[in-house]
Amino acid sequence: MRRTLFLVAAGVSFATLASSAQVGNQPGSGFTTVLSSAMRYTMNYEQRFALLAADEHYVQEVLRPPNPGDNLTQRNPGGGMRGGGQMNLQTIKSDYLLVQLGGDGEGFMPFRDAYEVKGRKLRERNDRLLKLFTSNDKNRFEKAAAINSDTAKHNLGNVARTINIPLLAMMFLHPRVNERFEFTDGGEENINGRILRKATYREVARPTLIKTSRGRDLAMTGIIWIDPFTGTVMKTELNAADPIVRSQVTVTFRRDEALDLIVPEKMEEYYKAYSAVDDILATATYSNVRRILKSDLEEK
């Protein structure tokens, strides 16, 4: 049985939510200014494209930890260590697409279209997601959702996840959703020679943005690493856990010089269902990022 994390509306849409973030105690000076700058950055970020496409290289593995003392037999009365290790490995190559849902902060929706699994070619690469959303097809969202669902069937493990979205945690800063969270100063951290300010967050509003397969609220916590001078989000961490399942998604960003845009570079995931023995790990990397502007679509 798969344990599922469901994201509200299956996308990142904040059109019906209000603003005004909650800020916790700040031991360091200037945190409120840094946080406000990051919120403006996030609000402006989604206006910089109508469609953002990339190549996704997704490596997933199921790991079994060593289990001491559970292999009791007549020949081995003292038990011992049952070996663990990698139980399964899957590499998925997909076209990845973020679709802007509209103006004034309505958010965006992600889609994946797998074209290769474990080195086996599934289809010819023809940018069908991109072509679908640059056409006037009235059923493009329904067709893209079906493609995305087919791709998700290749995911490994007993947790069917829908929070594996590189920009999800960053969008918690958006003015239309940030009041659902309390942000606290996490101090500074040097990452690759760059001093970043950490904003720790926890979801305080109910109902929560994501739920379990049984409809239970699943509050999120995590960290957002911010360039204190520009408000640019350079790294995010998202945690969600309850007695049934726990997960962590960490995303790092890089500057794409050709696009003059910060884009996802790597997404690392961890999932564990408490009823399961195995851990699920995954790492997705992104390349060949392309941007379609709203003006480009209007010209078609």
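What percentage of the 300 residues in the protein do buried residues make up? Buried residues make up 46%, where buried means under 20% relative accessible area, exposed means over 50% and partly exposed lies in between (1.4 Å probe, protein chains only).

This is a predicted model, in which local features need pLDDT of at least 70 and side-chain atom pairs count only at pLDDT 80 or more, while totals for chains, interfaces and linings use all residues. Residues are numbered from 1 along each chain as its sequence is written, and side-chain values use heavy atoms, with hydrogens and water left out.

**The whole protein**

Start with a cartoon view. The protein has four helices and 17 strands; these are DSSP runs numbered from the N terminus, with helices being H or I of at least four residues and strands being E of at least two. Switch to a surface view: the accessible surface comes to about 14,500 Å², and 49% of that belongs to carbon and sulfur atoms. These areas come from the Shrake-Rupley method with a 1.4 Å probe, and for residues only the protein chains shown count as cover.

**Helix α1**

Select residues 31-45, which are helix α1. The expected span of a helix is 1.5 Å times one less than its number of residues. For the 15 residues of α1 that gives 21 Å, and the end C-alpha atoms are 21 Å apart, so the two agree. Buried residues in α1 include F31, V34, L35, A38, Y41, T42 and Y45. An α-helix has 3.6 residues a turn, so residues three or four places apart point the same way.

**The nonpolar cores**

Next, select F172, F183 and L238. Of the 63 residues in the largest nonpolar core, these three touch the most other members. A nonpolar core is a set of buried Ala, Val, Leu, Ile, Met, Phe, Trp, Tyr and Cys residues joined through side-chain atoms within 4.5 Å. Helix α1 gives the most to this core, with seven residues. Now show what surrounds F172: leaving aside residues up to four places away in sequence, F172 touches V177, N178, F181, F183, Y201, L209, M220 and L238. Contact here means heavy atoms within 4.5 Å. To find a second, separate core of 13 residues, select L51, L97, L129 and A144, which are among its members.

Select 181-191 and 194-203, strands β10 and β11, which pair in the antiparallel sense over nine bridges. Two strands pair if DSSP finds at least two bridges between them. T184 has T200 in β11 as its bridge partner. The two strands form a hairpin with two residues between them, and N192 in the turn has a positive phi of about 55°.

**Salt bridges**

A salt bridge is a side-chain nitrogen of Lys or Arg within 4 Å of a carboxyl oxygen of Asp or Glu, and by this rule there are 24. E203 lies in β11 and R180 in the loop between β9 and β10, so the pair ties together parts that are 23 residues apart in sequence. Both E203 and R180 are buried.

Move to R123 and D95, a salt bridge at 3.0 Å, N to O. R123 lies in the loop between β8 and α2 and D95 in strand β6, so this pair ties together parts that are 28 residues apart in sequence. R123 is buried at 14% relative accessibility, and D95 is buried at 5%.
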